[in-house]
Amino acid sequence: MAFDIDKFTQDSVRVNWEDLDLDNFRENPLPPESIRTLRYMCDVEYHTVCYLRDMLVTRSHGEGEVNAFMTMWNREEFWHGEALAHVLSLHGVTVNYDQLKDRRVKLGWRDRLAPVKQSLLSNIVGKDFVAVHMLWGAANEWSAAAAYKRLGVLEGHPSLAELLRRIAAQESRHVAFYATQAKARLAGNPKAQKLARFALKNAWAPVGSGIMTDDEVTHVMGHLFGGAEGRKEINAIDRHIGRLPGMEGLTIFADALDARGVAA
Amino acid sequence: MSDSAGFDVRSYTRTPRSLRRKDLDLAALQGLGTNTLLTLRHLQQVERGTLRLMRDLLVTPTHAESRVTAFLTTWAYEEYWIADALEAVLDENNHTEVAHSTKLGELRRSWDDRVSPTADAIRTNLLGSDIVAGHMAVGLLDSLVARASYARAGQLEPRLGAVIDPIVAIKDRHVEFYVDEASDRLAASPAAGRLGRRAVRTWRWPGSRYGAPGYVQPVLRYLFADPSVRADIDAADSQVAALPGLAGAHPIRQALGRFASRGARHR
C-alpha cells in the first residue's frame, strides 16, 4: 500500500461538527461511562503535541515526507481534541487550556525527561529506531480508529456516530502512513525487526497509559473492548500488526486486555 | 475551549490561512530576478525549518503551555503552506539551488539535532516555566524579521504581491500572538525578565546557523541595505523595545550590522 503524502497534505482538514445535531445531548445525555471514555480520548488527542515532541528529538524527523505528515497529523489530532471537548462541554464537562496545562505539569519529571530518553535511545540505536516509532504509531492509530468505531456502535447516537466516524476516518489515514513507513523500514532489516518486536513486546502499553491513571486505562479498555465483539476488534488489530515484517504471532493488544482482566 | 483575554488563540486556531498553489497565478511569476529568487529560497528554507524550531520549544517547559502549543500547532500548519507556495514559485522559475550547509553548519546541525534537545530538556526544565518568556521573545523576533523580509521583497518585486500580501497578513497575526505572550511572561518574574533579555541578546537571524554567510548576506543586502528601509527596521525593533525590561533594545538593527561588517571583511 503506497501512501500519497501530497494528497494527504492537500486533503488534511480539521474535523468538522458544526453541521451535526449534537445539541440534543442536552436532553438525551450520554451515560457516565461514555463521558469517562470520551474524556480519556479527548486528553489523549490533546497530548499529541507531546508525542510529536518525542518523535522530533529522534531521527524520525528530518525527511520532507515525515515532516509534512507530522505537521498535518498533529493538527488533525488537536482538532479531534477540540471536537470531543465540544461534546463534553454539552455535558457540563469543561476542558480548557489551563486544565490541559495543569495535567501536563502534573506529569512531572517522567514527562519532562521523555524527550531525553527518546533522544538518547535514538542516538544509541541509530536509524533502526525510526522503524520502532513508525510501528508504534501504527499500533496506536489502529487502536484509536477501532476505539472511535466501537464507541459509535455502543452509543448508537446518530450525530455522535457520524462525528466519531469522521475522526476514525482520519485516524485510518494516519494508520496508512505509519504502516507504510513501518513496513518499508522493517522489510529486509532483521535488526530493526528484532528491535521493534522487543520494544512492542516489552515496552508497549495502550495509548494514553503514560498520561492517564491505570484505573482510567482499564475503564476504557473494558468499556470499548470488553465482550466478544470488542475482542473481535482487538484481534483484528493484532492481526494487522502480525502481518508486518517480523511481527508474526504478536498479540500485544489481546495480552494488554488479558493483563487488565478484561473478559472476552 | 475557553481562553484568557488578549490574543484570541481559540479564534486563531479556527481560522488558519493556508496558501495553496492552485490559487496562485504562477505563470505571471515567471522570469523573476536572481535576487528575488535567492530571497524566496532563503525564506522558503526558513519556513521549512518550522518543525525543528517547534522541537526546540517542546522539549522545554513550554510544552506544558497548552495555549502556546495550540498556537504552535496552527502556526506550523500555516508555515507549511507558505513554504509550499514559495516552492511553487521557485519551481516555476526553475530555481532549484538550495543553500547547503557548510562543514561547520553540518556539525552545528548534528549537535542541534542530537545533543541540544537532550541538554536543553534538562537545563530548561531545571529553570522552570520562566524560560517560556525567552521563547516568546525569540518567536517575536523571528516573526518580525520574516514579516519585514516578505514586505520588503514585495516592495522590490511588485509582481509578488499575490503571494506576499497574504503571507504578511499571516505574519501579522504571529507577531500579535508573540507580543501578547512575551509581554505577559517577561513581566511575570525577575527570572523570566532575565531569561528573556538573554534570549534577545543571543538571538540569531533565522536561517543563518547552518549555511555559509555567502548565502544569507546577499539576501539581506538586497532586502535591507537601502537607507530607506531603516525606518521599517526601527519600527520592528521598537516592538521588541516596548516589551517589559527591553527598553532601548534594537536586536534586529544590531544583527543586520553584524552581517554588514562581516560582509565588508569578506570583500
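Guide: This is a predicted model. Take Arg198(B): its relative accessible area is 41%. Buried means under 20% and exposed means over 50%, so Arg198(B) at 41% is partly exposed.

Visitor: Where does Arg198(B) lie?

Guide: Arg198(B) belongs to helix α9 of chain B, which covers residues 190–201.

Visitor: Which residues gather with Arg198(B) in a patch of positive charge?

Guide: The surface patch brings Arg198(B) together with Arg194(B), Arg197(B) and Arg201(B).

Visitor: How many salt bridges does the structure hold?

Guide: A salt bridge is read from a distance: a side-chain nitrogen of Lys or Arg must be within 4 Å of a carboxyl oxygen of Asp or Glu. Over all chains there are 29 salt bridges. One of them pairs Asp19(A) with Arg166(A), with 2.9 Å between the closest N and O atoms. That pair links distant parts of the chain, 147 residues apart: Asp19(A) sits in the loop between α1 (5–11) and α2 (32–46) of chain A, and Arg166(A) in helix α9 (residues 158–186) of chain A.

Visitor: Is Asp19(A) buried or exposed?

Guide: Asp19(A) is exposed, since its relative accessible area is 51% and the cut-off is over 50%.

Visitor: Which side chain does Glu65(B) meet in a salt bridge?

Guide: Glu65(B) meets Lys101(A), at 3.1 Å from N to O. This pair crosses between chains: Glu65(B) is in the loop between α3 (50–58) and α4 (66–92) of chain B, while Lys101(A) is in helix α5 (residues 97–106) of chain A. Glu65(B) counts as buried, with 5% relative accessibility, whereas Lys101(A) is partly exposed at 27%.

Visitor: What about Glu79(B) and Lys171(B)?

Guide: Their side chains form a salt bridge of 2.8 Å, N to O. Glu79(B) is in helix α4 of chain B and Lys171(B) in helix α8 (residues 161–186) of chain B, so the bridge ties together parts that are 92 residues apart in sequence. Both Glu79(B) and Lys171(B) are buried.

Visitor: Which residues do salt bridges with shared partners join into one network?

Guide: The network consists of Lys101(A), Glu65(B), Arg67(B), Asp180(B), Glu181(B) and Arg185(B).

Visitor: Now the whole chain. How many helices and strands has chain A?

Guide: Chain A has 13 helices and zero strands. Its radius of gyration is 18 Å, close to the 18 Å that the globule rule gives for 264 residues, so chain A is as compact as a globular protein of that length. Of those 264 residues, 59% count as buried.

Methods: Residues numbered from 1 in each chain as written. Chains lettered and ligands numbered in written order. Predicted model: local features only at pLDDT ≥ 70, side-chain atom pairs only at ≥ 80, totals over all residues. Heavy atoms only, no water. Patch = residues over 30% accessible without salt bridge, like charges linked within 9 Å, V, L, I, M, F, W, Y side chains within 5 Å. Areas by Shrake-Rupley, 256 points an atom, 1.4 Å probe, with all protein chains shown as cover. Lys, Arg positive; Asp, Glu negative; His and termini not counted. Charge placed at Lys NZ, Arg CZ, Asp CG, Glu CD. Helix = DSSP H or I, 4+ residues; strand = E, 2+ residues; numbered from the N terminus. Buried < 20%, exposed > 50% of the residue type's maximum accessible area, 1.4 Å probe, protein only. Rg over C-alpha atoms; globule rule 2.2 N^0.38 Å.
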